[in-house]
Amino acid sequence: MSLPVESRARVLRAASQSFLHQGYRTSVDAIARRAGVAKQTVYHHFPSKDRLFTEVARELAKGVLVELEGGDLRTALTRFALAYRARALGAQGIAAFRTLVPEVPRFRRLARTMYAESAGRLTEHLAAYLRAAMARGELRPDDAEVAAEMFLGMLVGVDRVKRLFGMAPRGAEAERAARIVDCFLRAYSP
């Protein structure tokens, strides 16, 4: 007898919430209680706590993906900046960062996969977008991947550290994102 898909989804939601609040130390019993299922149901879907954490980690990592939209370069980068900062620096993004980073040494293969599927893919898409802008003469020709990495670093940088330590953001979010975009555009102006 197979269990319904809804049961697996409930377990994943409960596990995400538990891992985000308590880290890897959360128990399978606590996850089962939160999901409203028996512990055996959790193990039916996920043979171990490590496998459950792996699935949750993959889903959390995908949460940072943001698409670039059309429009002029500054407008598109500003929209991207606001969306990326909201995801990476929002409550869930910070909780995911706190949950995932300490477990990297334990889950090395997963960490590489997570990077490739989230930040790595985001960097590739951003680099392709910047490369096209360089080809159009909107940005000076340079290594587009390095430019993408620099831009992403500028977007979270010290602000992530501040939020990890519970410090309130400084200034209006839209103004902060616009200043970062303008600084990046000056650095790469043709």
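These are my notebook entries on what I looked up in this predicted model.

**Entry 1: the whole chain**

I started with the overall picture. The protein chain has nine helices and zero strands. Reading from the N terminus, I get α-α-α-α-α-α-α-α-α. I then looked up the span of the C-alpha trace, which is about 60 × 35 × 30 Å along its principal axes.

Next came the surface. The accessible surface is about 10600 Å², and carbon and sulfur atoms account for 54% of it. How much of the chain is buried? Of the 190 residues, 43% are. I also checked how far contacts reach along the sequence. Taking contacts between residues at least 6 apart, 70% of them join residues at least 24 apart.

**Entry 2: the nonpolar cores**

Then I went inside. The largest nonpolar core has 31 residues, and the members that touch the most other members are Leu77, Phe80, Tyr84, Leu130 and Phe151. Which elements give two or more residues to this core? They are helix H5 (73–89), helix H7 (108–135), H8 and helix H9 (173–187). H5 gives the most, with eight residues.

I picked Leu77 to see who surrounds it. Leaving out residues up to four places away in sequence, Leu77 touches Leu68, Leu126, Tyr129, Leu130, Phe151, Val181, Phe184 and Leu185. Apart from this core there is another one, of 25 residues, and its members include Val11, Leu20, Ala35 and Leu100.

**Entry 3: the rings**

I searched the whole structure for aromatic pairs and got nine. One of them is Phe80 with Tyr84: the ring centres are 6.0 Å apart and the planes are at 5 degrees, so I wrote this pair down as stacked. Phe80 and Tyr84 both belong to helix H5 and sit four residues apart, which is about one turn of the helix.

Buried or exposed? Phe80 has 2% relative accessibility, so it counts as buried. Tyr84 is buried too, with a relative accessible area of 8%.

Phe80 has another stacked partner, Phe151, at 6.1 Å centre to centre with 25 degrees between the planes. This pair links distant parts of the chain, because Phe80 is in helix H5 and Phe151 is in helix H8, 71 residues apart. Both Phe80 and Phe151 are buried.

Lys49 lies over the face of Tyr24, 4.4 Å from the ring centre.

**Entry 4: two residues in helix H8**

Back to helix H8, where I looked up Val156. Its relative accessibility is 9%, under the 20% cut-off, so Val156 counts as buried. Who does Val156 touch, not counting residues up to four places away in sequence? I found Tyr84, Ala88 and Leu89. I also noted Val156 and Ala83, which are 73 residues apart in sequence and 12 Å apart in space, C-alpha to C-alpha.

Arg163 lies in H8 as well, in the stretch of residues 144–164. I checked its burial: with a relative accessible area of 17%, Arg163 is under the 20% limit and therefore buried. Its side chain makes a polar contact of 3.5 Å with the side chain of Glu173. Setting aside residues up to four places away in sequence, Arg163 touches Arg85, Leu89, Ile94, Arg98, Pro169 and Glu173.

Last, I looked at helix H2 (residues 28–35) and what comes after it. Val28, Ala30, Ile31, Ala32 and Ala35 are buried in this helix. Gly36 follows H2, and its phi is positive, near 75 degrees.

Where is Gly70? I found it in the loop between helix H4 (49–62) and H5. Leaving aside neighbours within four places in sequence, Gly70 is in contact with Ala76 and Arg79. Finally, I checked the two glycines against each other: Gly70 and Gly36 are 34 residues apart along the chain, and their C-alpha atoms are separated by 44 Å.

Terms used: Residues are numbered from 1 along each chain as its sequence is written. This is a predicted model: local features need pLDDT of at least 70, side-chain atom pairs count only at pLDDT 80 or more; totals for chains, interfaces and linings use all residues. Side-chain values use heavy atoms; hydrogens and water are left out. Buried means under 20% relative accessible area, exposed over 50%, partly exposed in between (1.4 Å probe, protein chains only). A polar contact is a pair of N or O atoms within 3.5 Å; within protein, one must be able to donate a hydrogen and the other to accept it, and residues adjacent in sequence count only if both atoms are side-chain atoms. Contact means heavy atoms within 4.5 Å. A nonpolar core is a set of buried Ala, Val, Leu, Ile, Met, Phe, Trp, Tyr and Cys residues joined through side-chain atoms within 4.5 Å. Rings of Phe, Tyr and Trp (its six-membered ring) pair if their centres lie within 6.5 Å; planes under 30 degrees apart count as stacked, over 60 as edge-to-face and the rest as tilted. A charge sits over a ring if NZ of Lys or CZ of Arg is within 6 Å of the ring centre and within 35 degrees of the ring normal. Accessible areas come from the Shrake-Rupley method with a 1.4 Å probe; for residues, only the protein chains shown count as cover.
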